[in-house]
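Subject: Structure handover

Hi,

Here is the structure for you to look over. My notes come after it.

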Amino acid sequence: MSGDAPREPARDAAAAGAPALPEGLLHELLERLCPFHLLLDAEGRATRLGPSLRKVCPALRPGEPVAPLLRFTTPREASWRRGAGEPPRGLVVLETDRGHVLRGQLLPAGAGTLFVGTPWVTSTEDLAALGLRLDDFSAADPVTDLLLLLGARAGALADAQLLAAQLQEVAAAHAHRAGHDDLTGLANRAAFTDRLERELRSARARGGSVGVVLLDLDRFKEVNDTLGHDCGDLLLRQVGPRIGAVLRAGEAVARLGGDEFALLVASPRRGAAALADHRAVAERVLAALHEPFVVAGLTLFVEASAGIAAAPEHGSTGALLLQHADVAMYQAKSRHLGVVAYSPDLDGHDPRRLTLLSQLRTAVDGSELVLHYQPLLDLPSRRVLGVEALVRWQHPVEGLLPPSEFVPLAESSGLVQALTRSVLAAACARASAWLAAGRPLVVAVNVSARSLADLSLPEAVAEHLGRSGLPPHLLKLEITESAVIADPVRAQHVLERLRRLGVALSVDDFGTGYTSLAHLRRLPVQELKIDRSFVTGMLTEPADAVIVRTGVELATRLGLRSVAEGVEDAATLAALAALGCTTAQGYHLSRPLPEAALERWLAARDAGHPAA
Ligand code: C2E
Ligand code: CA
Ligand code: CA
């Protein structure tokens, strides 16, 4: 890393009107608002320490290297620690020598790095033993608070300050917590749509055109399948900077998921002229991606397809633009056209998806959705106390389709409410029949983020419980951590109503989001389900092991059950049992099975032939 490199973005941010704060005031704000902050110089020595960090790690002294006392435990930090590569950005996990685990953001700060964290879980001593109370951190997101304060002062202060500028830049994106994509550090879908809506509003006032360019890498799946996911991830990480390097002021890039990226573009012109401007950006980006990538010593040639939709030409809302850009991108991809701008007659040309979508409508109402059930093993008793219901689509032509092929489609088309209800009805009926047959099993149903935002979900759940006669304690709803974060107030409301019905609630994919301890404590849930991406690698990846261990400890401390999914071998199962994890799920025990196969599997287990 060159000494000057990290300064550049700061200067830009300051020039773009970021607030100016005298250094002393900034430090005072950090001191008050971020008790767990740490400022590191370029050599990795602590230059400032927040008051709580001083308590958690008393041996840490300003001016001394932090390395043996504090460890950043996520993989991308490893190379930085070894003295190579750029300092990491974004969400990190930091562990102290005494086992306290903090999660937070790493932000560039001058020639060094600022860590702004919150305690995720303290694993060797209670917070109380440190003289700290949970309420001390109830501002679940210190960065947001800092932003508010910075914003309030911005007008009154002169004197550009590097740290303030950079903090504000990241804080703005971080304002709704999950603003960034963990893998690439780029803005994520939520942050992108937010920014898009803002740009659309200001373009309406100002005139001109705002465009969305959706980019999808061609044959990315081949990279993943042939070279492995690690290589795929390394490639995705290089794509962002490559795109970023050719963007100009006012243009932005985000990763929407998988190998899909989105650009926000703007033009002072309108109509065909504006579209030509947007197309020029898309072509510039595709050209930049054309240069070979070097991943793990291999030279990879990447091509991408791009779809453009612009306001006001193709729609006036962000959702419509994204949808139309997607249609255009699909055209570009299927016909190898590189860049395609949306036009209404393209809409009919997305044969497979449109067909699937129209068929999904009938499938959801009819009998084509089937549930497979995957056993959940209670670790202390080694008994199967429940199953997770996982939906599949028995398509008349395409065969059995996995949820990844149609759940997102349902979510983007408003069909997901019907899907959730259909799965609920089938799962409740099945569990009720098992109960009647003398086999009480808790059935876990996945509730998509969209359904969680549906205020009538609790009524629907009550109705299906009533109709099937299933006692509420035998139904569990799995809600993803990201869904809870997306709209915490609404989620809290719906979850509380569901809880009052007596059904169990579980936070799915835990560890992939940014739930603070304080927030988690307020949620009426009984279970944390640690994401399988951490569980699968916990015996080989130290960072994954830390996340699993702290997840289990966090659950224990909060009086919740902990479920580890993705258990693929006996060694992982044993390690989880040793950690005190309460429940395991995974291929080692059983794959998800159709109802009859599950019953045979359970019977074989009863007869004394357990798989695990
Ligand atoms: P999920 O809720 O995280 O479900 C667990 C997924 O992990 C399942 O994939 C399961 O087959 C897989 N899995 C279980 N054990 C192992 C293991 O040991 N190793 C590996 N590699 N994978 C394992 P599946 O069935 O393809 O489901 C994928 C996702 O689709 C689910 O992730 C869930 O988000 C969604 N989904 C499934 N059914 C429904 C549903 O009824 N409604 C909604 N909204 N979403 C659903
Ligand atoms: Ca699940
Ligand atoms: Ca999961």
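Predicted model: local features only at pLDDT ≥ 70, side-chain atom pairs only at ≥ 80, totals over all residues.

**The chain**

The chain has 612 residues, and 52% of them count as buried. Its secondary structure comes to 23 helices and 23 strands. Take the contacts with a separation of 6 or more: residues 24 or more positions apart account for 64% of them.

**The ligand site**

Ligand 1 has 21 residues around it. Gln374, Arg392, Arg532, Glu568 and Tyr587 come nearest. By class, the shell holds nine nonpolar, five polar and seven charged residues.

Which elements build the shell around ligand 1 with at least two residues each? They are β15 (383–395), α13 (403–412), α14 (416–436) and β19 (504–510). The largest share, four residues, comes from β15.

Glu568 places one 2.5 Å from a nitrogen atom of ligand 1. Arg532 has one 2.9 Å from a ligand oxygen atom. In Asp508, a side-chain N or O atom is 3.1 Å from an oxygen atom of ligand 1. Taken alone, ligand 1 exposes 800 Å², and the protein buries 84% of that.

**Salt bridges**

Side chains of opposite charge can pair when their charged atoms come close. The count here comes to 21 salt bridges.

- Arg439 and Asp606 meet at 2.7 Å, N to O. This pair links distant parts of the chain, 167 residues apart. Arg439 sits in the loop between α14 and β17 (442–447), while Asp606 belongs to helix α23 (residues 595–606). Arg439 is partly exposed at 24% relative accessibility; Asp606 is exposed at 56%.
- Arg45 and Asp41 have their closest N and O atoms 3.2 Å apart. Arg45 is partly exposed, with a relative accessible area of 32%. Asp41 has 19% and is buried, because the cut-off is under 20%.
- Arg549 and Glu553 form a salt bridge with closest N and O atoms 4.0 Å apart. Both lie in helix α21 (residues 542–557), four residues apart, so about one helical turn separates them. Arg549 is partly exposed, at 23% relative accessibility.

There is also a network: salt bridges that share partners join Glu388, Glu478, Lys529 and Glu565.

Best wishes

Technical notes
Residues numbered from 1 in each chain as written. Chains lettered and ligands numbered in written order. Heavy atoms only, no water. Near = heavy atom within 4 Å. Polar contact = N/O pair within 3.5 Å; in protein donor to acceptor, adjacent residues only side chain to side chain. Areas by Shrake-Rupley, 256 points an atom, 1.4 Å probe, with all protein chains shown as cover. Nonpolar A, V, L, I, M, F, W, Y, C, P; charged D, E, K, R; others polar. Buried < 20%, exposed > 50% of the residue type's maximum accessible area, 1.4 Å probe, protein only. Contact = heavy atoms within 4.5 Å. Salt bridge = Lys/Arg side-chain N within 4 Å of Asp/Glu carboxyl O.
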